[in-house]
Amino acid sequence: MDELRTERLLLRRWRESDLEPWAALNADPEVREYLGDVMTREQSDASVAAFQAEFDERGYGWWAVEVQATGEFVGFAGLDDVEPGMPVTGVEIGWRLNRASWGHGYATEAARATLTFGFDTLGLQEILAITTATNQRSQAVMRRLGMTHNPADDFEDSSADPDGPLRHHVIYRITP
């Protein structure tokens, strides 16, 4: 499925016109606060190429998110396989929006459509969400979606600074 529609959003495949606003989003230190270093334009463009290839291969991945009323690109949302080396396996839901789009309910709206797609179209039996323990905004979205957190699932990211805020991670889960 190439696109999903919600009341206000269009989750769709990536376009060339998305590259510049995506790069600006990834160069924003506040947007990247819980993700690590900001990305260069080249890294940002390469991420879109990888998203497109993975989507073509699997039939799911990261959609570009735009506001239907204006056509404005505001970020991404979708599903991805949990990265190798993590303490869990499965499919993870995620989102990343530009700062101007925070606080409008777009992340929750896009994530709800993504969950429906994952359960109803892909037939997934569980979807995970993983973030740093300090990322309270994303955890609030996870709770609004009905996802649950078990502290026994928490883990330390060995690739992060041992004393840094990106070390401790939490996992939220949801089933159909």
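Analyst: In this predicted model, a contact means that heavy atoms lie within 4.5 Å. Of the contacts between residues at least 6 apart in sequence, 60% join residues at least 24 apart.

User: Which helices and strands does the protein have, and in what pattern do they follow along the sequence?

Analyst: There are four helices and nine strands. Read along the sequence, their pattern is β-β-α-α-β-β-β-α-β-α-β-β-β.

User: What share of the residues is buried, and what is the accessible surface?

Analyst: Buried residues account for 48% of the 176. The accessible surface of the protein is about 8,900 Å², and carbon and sulfur atoms hold 49% of that area.

User: How far apart are the mean positions of the positive and negative charges?

Analyst: There are 16 positive and 30 negative charges, and their mean positions are 5 Å apart.

User: How many aromatic pairs are there, and what is the pair of W14 and F51 called?

Analyst: The count is eleven aromatic pairs. The ring centres of W14 and F51 are 5.6 Å apart and their planes meet at 40 degrees, so this pair is tilted. An angle under 30 degrees would count as stacked and one over 60 as edge-to-face.

User: Where do W14 and F51 lie, and are they buried or exposed?

Analyst: W14 is in the loop between β2 (9-12) and α1 (19-26), and F51 is in helix α2 (residues 41-58). The pair links distant parts of the chain, 37 residues apart. Both residues are buried.

User: Why is the pair of W63 and F117 called edge-to-face?

Analyst: The planes of W63 and F117 stand at 80 degrees, with centres 5.1 Å apart, so the pair is edge-to-face. W63 belongs to strand β3 (residues 62-67) and F117 to helix α3 (residues 106-121), so the pair ties together parts 54 residues apart in sequence.

User: What makes W63 and F117 count as buried?

Analyst: The cut-off for buried is under 20% relative accessible area. W63 has 0% relative accessibility, so W63 counts as buried. F117 has 3%, so F117 counts as buried too.

User: Which residues do ring pairs link into a cluster?

Analyst: The cluster consists of W14, W22, F51, W62, F73 and F76.

User: How do you know whether N26 is buried or exposed?

Analyst: Buried means under 20%. N26 has a relative accessible area of 0%, so N26 is buried. N26 is found in helix α1. Beyond its neighbours within four places in sequence, N26 is in contact with R32, V38, M39, S44 and R96.

User: Why does E92 count as buried?

Analyst: E92 is at 16% relative accessibility, so E92 counts as buried, given a cut-off of under 20%. E92 lies in strand β5 (residues 91-97). Not counting residues up to four places away in sequence, E92 touches several residues, including W62, D80, V82 and I130. E92 and R173 are 81 residues apart in sequence and 9.1 Å apart in space, C-alpha to C-alpha.

Note on methods:
Residues numbered from 1 in each chain as written. Predicted model: local features only at pLDDT ≥ 70, side-chain atom pairs only at ≥ 80, totals over all residues. Heavy atoms only, no water. Helix = DSSP H or I, 4+ residues; strand = E, 2+ residues; numbered from the N terminus. Buried < 20%, exposed > 50% of the residue type's maximum accessible area, 1.4 Å probe, protein only. Areas by Shrake-Rupley, 256 points an atom, 1.4 Å probe, with all protein chains shown as cover. Lys, Arg positive; Asp, Glu negative; His and termini not counted. Charge placed at Lys NZ, Arg CZ, Asp CG, Glu CD. Phe/Tyr/Trp six-rings, centres within 6.5 Å; stacked < 30°, edge-to-face > 60°.
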